Amino acid sequence: MISADEFLSTMHEPLLPHAQTQAQQRVELQSVQQSSDKRLFEERTSDEQQRFELCKEAALRSLDAAPRSSSDLAKRLIRKDFEENLVEDVIHRLQELGLLNDEEYAHSLLRYCLQRDMGARGVSMEMSRKGVDADLAAELIEQASQKGNFVESAYALGRTVERRTHGMERKVQMRRLWSAGARKGHSPDMLRQVFADVFCG
């Protein structure tokens, strides 16, 4: 057992290599962040700052018109002739301010698709079209599938088609269901099950 004096003396010893590495990494990360912030907000020329503000205003107008993913917003800004690096800076700034959140947007888009009675394939195509990250989209679709959301939406679509085609021949009803189900992105097996339960049950 060491004495109190011996213990205190160790407090002034150099950091171990691992601790030195961690401390150095933290300093480097802070330096990179500070450098980035300085580049973004302090080192711009007046023309660059003006372009940044114009790009940000265009981004905010686009978000006011409709919610968007970062990818979709970036493409729209680039089509407006804003430079790619400038667009990246604006996107990053909007994310920092909480005005642009891809995960929240993806959840909102999923809810919207389910309200429209869409199936898994339809949701996947819609998320891809809206620029949602493929991994995030796959994760949310899998979660919805496990909860039975797509089964519910398929039956909701089936009941809607049944009401609209009530009294028509069974073959006509089947064609209408398959046409609507294909547009919504439901699987053939799911549509067969819905037809059997809703139209023939």
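Reader: Which residue forms a salt bridge with Arg192?

Author: This is a predicted model, in which local features need pLDDT of at least 70 and side-chain atom pairs count only at pLDDT 80 or more, while totals for chains, interfaces and linings use all residues. Residues are numbered from 1 along each chain as its sequence is written, and side-chain values use heavy atoms, leaving out hydrogens and water. A salt bridge needs a side-chain nitrogen of Lys or Arg within 4 Å of a carboxyl oxygen of Asp or Glu. The closest N and O atoms are 2.4 Å apart here, and the partner of Arg192 is Asp189.

Reader: In which helix do Arg192 and Asp189 both lie?

Author: Helices (H or I, at least four residues) and strands (E, at least two) are DSSP runs, numbered from the N terminus. An α-helix has 3.6 residues a turn, so residues three or four places apart point the same way. Arg192 and Asp189 are 3 residues apart, about one turn, and both lie in helix H11.

Reader: Is Asp189 buried or exposed?

Author: Buried means under 20% relative accessible area, exposed over 50%, and partly exposed in between, with a 1.4 Å probe and protein chains only. Arg192 has 44% and is partly exposed. Asp189 has 52%, so the word for Asp189 is exposed.

Reader: How many helices does the secondary structure of the protein come to?

Author: The elements run α-α-α-α-α-α-α-α-α-α-α from the N terminus on. There are 0 strands, and the number of helices is 11.

Reader: Arg129 and Glu126 both lie in helix H7, but why does Glu126 count as buried?

Author: These two residues are 3 apart in helix H7 and form a salt bridge with closest N and O atoms 2.9 Å apart. Arg129 counts as exposed because its relative accessibility is 57%. Glu126 counts as buried because its relative accessibility is 11%.

Reader: The side chains of Arg51 and which residue meet in a salt bridge?

Author: Arg51 is in helix H3, and the pair links distant parts of the chain, 32 residues apart. The other residue is in the loop between H4 and H5. The N to O distance is 3.3 Å, and the partner is Glu83.

Reader: Which residues are linked with Arg68 in a network of salt bridges?

Author: Arg68 lies in the loop between H3 and H4. Arg68 is buried, because its relative accessible area is 13%. Its contacts (heavy atoms within 4.5 Å), not counting residues up to four places away in sequence, include Leu73, Leu100 and Tyr105. The residues linked with Arg68 in the network are Asp72 and Arg76.

Reader: What separates the C-alpha atoms of Arg68 and Val132?

Author: Along the chain, Arg68 and Val132 are 64 residues apart. Tyr105 is touched by Arg68, and Val132 touches Tyr105 too. The C-alpha separation of Arg68 and Val132 is 9.0 Å.

Reader: The buried residues of H4 pack against which helices?

Author: In helix H4 (residues 70–79), Ser70, Asp72, Leu73, Ala74 and Leu77 are buried. Ser70 counts as buried because its relative accessible area is 9%. Not counting residues up to four places away, Ser70 touches Ile91, Gln95, Leu100 and Asp102. The helices that the buried residues of H4 pack against are H3, H5 and H6.

Reader: How many disulfides does a search of the whole structure find?

Author: A disulfide is a pair of cysteine sulfur atoms within 2.5 Å. Cys113 counts as buried, because its relative accessibility is 0%, whereas Cys200, at 42%, counts as partly exposed. The number of disulfides found is 0.
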